[in-house]
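Dear colleague,

I am handing over the structure below, together with a short account of what was found in it. Please read the account with the structure open beside you.

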Amino acid sequence: MNTFVRRAGMPLAALVLVGAVLAVQIANGGGTFEPLRPADPCAERVVVSKSDGIEGVTERLVLLGVDGAACQLGVSREALTLKLGQPGTRTHREIAALRDGLRSAVGRMKEDGSLPLASELVDEALDSADLNGLLKRAIRALPDSFINKALKTDDVLLRTIDDLDLRAILANLSDQGDLNQQVEAAVTQAVKDSLKARLRGLL
Amino acid sequence: MRRVVAPLLAVTVALVLADSAVVTLALPDILKHLDASVGQVAWVLIAYNLVLGLFAVPAATGFGRAQPQIISAVGIAVFAGASAWCAMAGSIDMLIAARCVQALGGALALIGCLELMVEAWGERRGVAVWVSAGLAGTAIGPVAGGLLTQAISWQAIFVVQVPFAVLAVPAALAVRGTFPLVQDRHRPAIRANLTLAILSAALTAASFLLVLLLVEGWRHSPAIAALTVSVVPVAALASRPLARLLRPSPEVEVAAGCLLIAGGLAALAIPPSAHLAWTIAPQALVGLGLGLTVDQLTSRAMDMRLPRAQHAGWTISARHLGVVIGLAILTPVFTADLQNAQAPAQEAIASLVIDAPLTAQDKIAVAQALGDELSQQQGDIPDLHPAFAKLELDAAERPAAAALERDLNTQLERAATRAFRDSFLLGAGLALIALLTVIAPRRRRTA
């Protein structure tokens, strides 16, 4: 066996083996096997919901709203969601960003046509509303065109967002009943205010 | 007689050196069973290597004045007794104390067995078998420990050592021969021992970190992890034919081995997925490197140096203090990386839950169940299955929930793999430093 093979054979074989293994690992995605990176909350994303009706609208609104708030706060949507899910006090900046985010979300949903007309949500809203049966039947008897003229979904949502005590809601996220109660009260108040404003406009 | 005695002594050498890493795969079980912290349980590993590393040279120095049969028999008996004590330990402090005593006995047994094996087989073969038995024990230790833990319990690791050691005591006493007192004639082989220590530190990444990644990060059973890491000893065996084929000089062989270990550890740092297959080739590189370096360096550190036992003590010391240094360097790095991996993992989980094709109500239920489960499993890489198991979902939603669970587990695997990356790369760096100690030019002696 010549001197070259004795001197260089083994190191060359080692280099070839190491190079081949590293090349195969890297070619198959080695080094990129890392946790999913959070998306940029300021980049527009398509938000879909598997839920229908009010639940679907609420989910999309909240997801877009959290995106907007996260963008304003300079954090990822996921980091903000995890932070809001933890107990603790919320800063004024966080509450303001969340409210702004939700308001912007209403605007975006209106723009992309994903905001349903009020008439499409009335039946479902009445099912859970604390109203007497006669009144519910009377409202259901109203023609859709009348309801849509009297109530604009975006207006009701914006009023609801303004009325909601976000700090109180975030402090008690685990109590689903309490959450529903607070949202329902804010929506009812928003509907009333919207109707009053509409009447005032007509007069 | 020699046919039985000498192999028993070789098995004892393998057992003592296997104990260096034999408990690696049992650490999670020990942690749970003895209600210990991660820091405490690491000392089960550190204590043994530290005591063996610190006691090997003094044991060999004092050894010259006593009969090797007696020293070996006492050492093996202490090792056997301490092994039984380890199996019966009811607390982590007791286990660590027993491991220290086990290492004391082990140090005496290793030094004594070397002299007896040289007496039985002659200088060349005796030393070669002593070195090879040690290498085999080091390589097979984690595999055997993992299989025993899975099949029986972590205590079984220590129980099975007792009968071998008990048989080895009369075997040691049965060796007849003259053992002349040898004065200190040669200085320790600093370069070979230094390389051995640095390489042992690097190999800690392969033996300790890899099994942790497999068991804790990728959630494989100790038996699966044991079978997976068996690639290292198999590849170490394959290194001999390769060396015979290319016939390199000892320096070139060790340098190539260091390079293979560095390359293998670097490849372990970047697996493309959590599939076990991606660890095979990197482990094969580490195993080939192990086979080309450790026995070669040990032989060189002992070659023609007297007193033999003392130089053997230096090699044991270098290897085991190297393991301790490796653990001391790598453990804080990977523990901190594991801690830092929590936030990205949680964000990845949140992202997938938010975007899951589930109804809003089901997403909230999943998030709450995960939150409860994660707060109960603080400090560990979490097992998310209990959170999904207690969900009450419509049949139509179950496939989406199952897909979400799979995706979340993948995210955890990704986070764990990422958390181990720097430690593997650090191990690769240590192997490259070892390579530098091999290729650095020798200082010329002036007349």
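Before the helix pair described here, one definition is needed: a helix axis is a line fitted to C-alpha atoms over the stretch in contact, and the angle between two axes runs from 0 to 180 degrees between their N-to-C directions. Please also keep in mind that this is a predicted model.

With that in hand, in chain B the axes of helix α5 (residues 92–121) and helix α14 (residues 308–340) come within 10 Å and cross at roughly 135°. Since angles over 145 would count as roughly antiparallel and 65 to 115 as roughly perpendicular, α5(B) is therefore oblique to α14(B). The crossing of these two helices, α5(B) and α14(B), is right-handed. On the α5(B) side the contact is made by A107(B), L110(B), I111(B), L114(B), E115(B) and V118(B), which meet R308(B), A309(B), A312(B), G313(B) and I316(B) of α14(B). Sorted by kind, the residues in this contact of α5(B) with α14(B) comprise eight nonpolar, one polar and two charged.

As for the chain as a whole, chain B contains 18 helices and zero strands. Its C-alpha atoms fill a box of roughly 85 × 50 × 35 Å along the principal axes. The radius of gyration of chain B is 24 Å, which agrees with the value near 22 Å that a compact globule of 447 residues would have. Of the 447 residues in chain B, 60% are buried, and among contacts in chain B with a separation of 6 or more, 84% join residues 24 or more positions apart.

Notes:
Residues are numbered from 1 along each chain as its sequence is written. Chains are lettered from A and ligands numbered from 1 in the order in which they are written. This is a predicted model: local features need pLDDT of at least 70, side-chain atom pairs count only at pLDDT 80 or more; totals for chains, interfaces and linings use all residues. Helices (H or I, at least four residues) and strands (E, at least two) are DSSP runs, numbered from the N terminus. The radius of gyration is taken over C-alpha atoms; the globule rule is 2.2 Å times the number of residues to the power 0.38. A residue is buried if 20 or more other C-beta atoms lie within 10 Å of its own, exposed if 12 or fewer, and partly exposed in between; C-beta atoms are placed from the backbone. Two residues are in contact if their C-beta atoms, placed from the backbone, lie within 7 Å. Angles under 35 degrees count as roughly parallel, over 145 as roughly antiparallel, 65 to 115 as roughly perpendicular and the rest as oblique. A crossing is left-handed if the near helix is turned anticlockwise from the far one by less than a right angle, and right-handed if clockwise. Ala, Val, Leu, Ile, Met, Phe, Trp, Tyr, Cys and Pro count as nonpolar, Asp, Glu, Lys and Arg as charged, and the others, Gly among them, as polar.
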